[in-house]
Amino acid sequence: MAIAEQQPQGSSDGSWHGIVLQTLKRNEISLIPYVPDRVLTPLIKNLHADPYFTTFATAREEEAVGIVAGAWMGGRRGAVLMQTSGFATLANVLASLAVPYQIPLIMFVSERGTLGEFNYGQSLVCRTMRPVLGSLALEHHTITRLDELEFITDRSIKQAITTQAPVALILNPLLTGGKVFDK
């Protein structure tokens, strides 16, 4: 059975995107702005289909972060969905908004730039993402295995909310299947 199709215990939908959706619900994360991404499409479609979530596309990742920050200040929990290259635009908004104002920003980042990536620009951004997260002292986890996804996602959300600090959950192609490149 393929990695993305394995059924973990305790989840009615064993797909990676089904696990993320259920974990968001359990943690009362209901606002999901995103920048469209091919890898995240199954999750985005399921979020749109579920009336619990308010899910919408934004033009830029910084916009999505600002929306989630404002929602947190108003008493609502949110998460941002983006691709690795979109993360490259976030250093300023993280350092000037999310970190100093203690916004528990939950970021799901579909990882490009590795495992057969053809686009050199994606590879460069992939190599800089973790050092940027580290320099901002932000918690981050790269998730490669379906059997660890629910635990890492759930605990990371709880920690972000409790400590009021951002967290990045990097969804590796080993987990999601990555972007499929047409020949």
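Q: Which residues bring α1 and α7 together in this predicted model?
A: On the α1 side they're Trp16, Ile19, Val20, Thr23, Leu24 and Arg26, and they meet Leu146, Leu149, Glu150, Thr153, Asp154 and Ile157 of α7. By class, that contact has seven nonpolar, two polar and three charged residues.

Q: Why is α1 called roughly parallel to α7?
A: The axes of α1 (residues 16-26) and α7 (residues 146-163) come within 10 Å and cross at roughly 25°. Angles under 35 degrees count as roughly parallel, so α1 gets that label against α7. As for handedness, α1 passes α7 in a right-handed crossing.

Q: What makes α1 oblique to α2?
A: Here the axes of α1 and α2 (residues 41-49) come within 9 Å and cross at roughly 45°. Roughly parallel needs an angle under 35 degrees, and roughly perpendicular starts at 65, so α1 ends up oblique to α2. The crossing of α1 and α2 is right-handed.

Q: Which residues make the α1 and α2 contact?
A: Trp16, His17, Val20, Leu21 and Leu24 come from α1, while α2 brings Pro42, Leu43, Asn46 and Leu47.

Q: How do you know how far to trust the coordinates, going by pLDDT?
A: The chain averages a pLDDT of 90, and 92% of the residues score at least 70. Over residues 1-11, though, the pLDDT is below 50.

Definitions and conventions
Residues are numbered from 1 along each chain as its sequence is written. This is a predicted model: local features need pLDDT of at least 70, side-chain atom pairs count only at pLDDT 80 or more; totals for chains, interfaces and linings use all residues. Side-chain values use heavy atoms; hydrogens and water are left out. Axes are lines fitted to C-alpha atoms, for helices over the stretch in contact, and angles run from 0 to 180 degrees between N-to-C directions. Helices (H or I, at least four residues) and strands (E, at least two) are DSSP runs, numbered from the N terminus. Angles under 35 degrees count as roughly parallel, over 145 as roughly antiparallel, 65 to 115 as roughly perpendicular and the rest as oblique. A crossing is left-handed if the near helix is turned anticlockwise from the far one by less than a right angle, and right-handed if clockwise. Contact means heavy atoms within 4.5 Å. Ala, Val, Leu, Ile, Met, Phe, Trp, Tyr, Cys and Pro count as nonpolar, Asp, Glu, Lys and Arg as charged, and the others, Gly among them, as polar. pLDDT is the predictor's confidence in each residue, from 0 to 100.
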